[in-house]
Amino acid sequence: MKLFDVYPRFPVEITKGQGNYVWDKEEQRYLDFYGGHAVISIGHSHPHYLNRIKSQLDKIGFYSNSVEMPIQEELAEKLGRASGYEEYFLFLVNSGAEAIENAIKMASFGNDRTRVIAFENAFHGRTSSAVQLTDNPNIVAPLNKGIEVLRLPLNDTDALQKNMNDQVAAVIVEGIQGIGGMDEPSGPFLKEIQSLCQKFGASFILDEIQSGYGRTGDFFAHQLHEGVRPDLITIAKGMGNGFPVGGLLIAPHFKATYGLLGTTFGGNPLACAASLAVLEVYEQENILENVKKTGKDLIEKLRPIKSVKNIRGRGLMIALDFDFPIRDLRQSLMADHFIFTGSAKNPNTVRLLPPLTISQEDTDKFITAFTKAIENIQ
Ligand SMILES: Cc1ncc(COP(=O)(O)O)c(C=O)c1O
């Protein structure tokens, strides 16, 4: 059997990871400024993370949600405290798209409607509802077209006001657009969504799958704006530091009934152990402070680089625009300087999403290599 060939891949085989670095099979070391699609939060192979997962595995790897799961309760409690959403409920799933599917279902269960407002350049995943909310018609199959999606420009309050009514089930927005290139909903725009959702009985869904879990230096990107309190918040990526896990934070006004949502693997003991380890390391190592400090420093050092036309993002979620396609630049960073970076929807945009444990030394190393790589390709 051969693999279904859907991924363009770098010709590198990664065999080991530690901290902010990964190694290929020839023992070449790479600085990771991409974190495998923004997934690595506490660094590769963190010892506490490994021990937590290994010792859980020694006890039991899996049982289903048909029995009591105190480790899920421990995770919910810890996440509530870390995020400032203690009064919300947690529903555990296995991926980002699955969190989105369940968010949309909760909204629609709550108000019996099928129309959703999403924004231009959004990415919310590839499963049936999530892919419709994603702004990329090429990956929507005919069968997926079950909800009515109204796509509006981000931060266009007039368009939002004109289109909000009692037919809308939900408005969904990313804390900061990831693949779209780090455009950000403004505080007043988020508050307008919130108040229009309240007025018309729609659900306000914040997709924090990429921008959450400390990536911006706040636990959630939307928490920069005081008073923004969504009905549903989706999480994944950094939550498990590579262990497949996602979740949905659900406001207290939603009522659970048996069988309303469900999953076989969601919330399994290993996923919970991995997620608890991540939150424990956040506490022990002051990860959010590190993101604020290194993110600010990185942006300040990127700003004077002449070829960088525009910088967007916050913390360790940064997009850089050039006036040329960045393919050769990323290639040079990889082949000549052994640094991983990311791309975005716009071919002229580089995305930086390093582990949240990145150090001053690593950011300095990145700046030196980045400057040289730009000179190289020009
Ligand atoms: C903002 C956002 N939402 C949803 C998803 C989908 O997550 P997953 O790939 O885990 O299904 C992604 C993945 O990149 C994302 O960035």
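These are my notebook entries on a predicted model of one protein chain.

**Entry 1**

I then looked up who takes part in the contact: 30 residues from domain 1 and 33 residues from domain 2.

**Entry 2: the interface**

I noted the area buried between domain 1 and domain 2 as about 2,700 Å². Carbon and sulfur atoms give 56% of that area.

Four salt bridges cross between domain 1 and domain 2. I also found 20 residue pairs in polar contact across the interface, counting pairs with both residues at pLDDT 80 or more. I then listed the elements that each supply at least two residues of the side of domain 1 touching domain 2: α1 (35-38), α9 (287-302), β11 (310-314), β12 (317-321) and β15 (349-352). Of these, α9 gives the most, with four residues.

R314 forms a salt bridge with E184, and the closest N and O atoms are 2.4 Å apart.

**Entry 3: nonpolar cores**

I looked up the largest nonpolar core and found that it has 84 residues. Those touching the most other members are Y213, L302, L320, F322, L329, F366 and F370. Helix α8 (residues 269-285) contributes the largest share of this core, eleven residues.

Leaving out residues up to four places away in sequence, F370 touches L302, I305, V308, L320, F322, L329 and L333. I also noted a second, separate core of 19 residues, with I117, V168, A202 and V228 among them.

As background I wrote down that nonpolar side chains tend to be buried together in soluble globular proteins.

**Entry 4: N20**

I picked N20, which sits in the loop between β1 (14-18) and β2 (21-24). Is N20 buried or exposed? Its relative accessibility is 8%, so N20 counts as buried; the cut-off for buried is under 20%. The side chain of N20 makes a polar contact of 2.7 Å with the side chain of T357. Setting aside neighbours within four places in sequence, I found N20 in contact with Y30, L31, D32, P355, T357, I358, S359 and D362.

**Entry 5: H48**

I located H48 in helix α2 (residues 47-59). H48 is partly exposed, at 26% relative accessible area. H48 and A277 are 229 residues apart in sequence, yet 6.6 Å apart in space, C-alpha to C-alpha. Beyond four places in sequence, H48 touches A277, E280, V281 and Q284.

**Entry 6: salt bridges**

How many salt bridges are there by the rule used? The count comes to 18.

- R81 and E77 form a salt bridge, with the closest N and O atoms 3.5 Å apart. Because they are four residues apart in helix α3 (residues 70-83), about one helical turn separates them. R81 counts as partly exposed at 47% relative accessibility, and E77 as exposed at 53%.
- E87 and R229 meet in a salt bridge of 3.0 Å, N to O. E87 lies in the loop between α3 and β4 (89-93) and R229 in the loop between β8 (203-207) and β9 (232-235), so the pair ties together parts 142 residues apart in sequence. E87 is partly exposed at 41% relative accessible area, and R229 is partly exposed at 32%.
- K301 and D364 form a salt bridge, with the closest N and O atoms 2.8 Å apart. K301 is in helix α9 and D364 in helix α11 (residues 360-377), so I noted a link between distant parts of the chain, 63 residues apart. K301 is partly exposed, with a relative accessible area of 30%, and D364 counts as partly exposed at 30% relative accessibility.

Notes
Residues numbered from 1 in each chain as written. Predicted model: local features only at pLDDT ≥ 70, side-chain atom pairs only at ≥ 80, totals over all residues. Heavy atoms only, no water. Core = buried A, V, L, I, M, F, W, Y, C linked by side-chain atoms within 4.5 Å. Buried < 20%, exposed > 50% of the residue type's maximum accessible area, 1.4 Å probe, protein only. Contact = heavy atoms within 4.5 Å. Buried area = accessible area lost by both parts, 1.4 Å probe. Salt bridge = Lys/Arg side-chain N within 4 Å of Asp/Glu carboxyl O. Polar contact = N/O pair within 3.5 Å; in protein donor to acceptor, adjacent residues only side chain to side chain.
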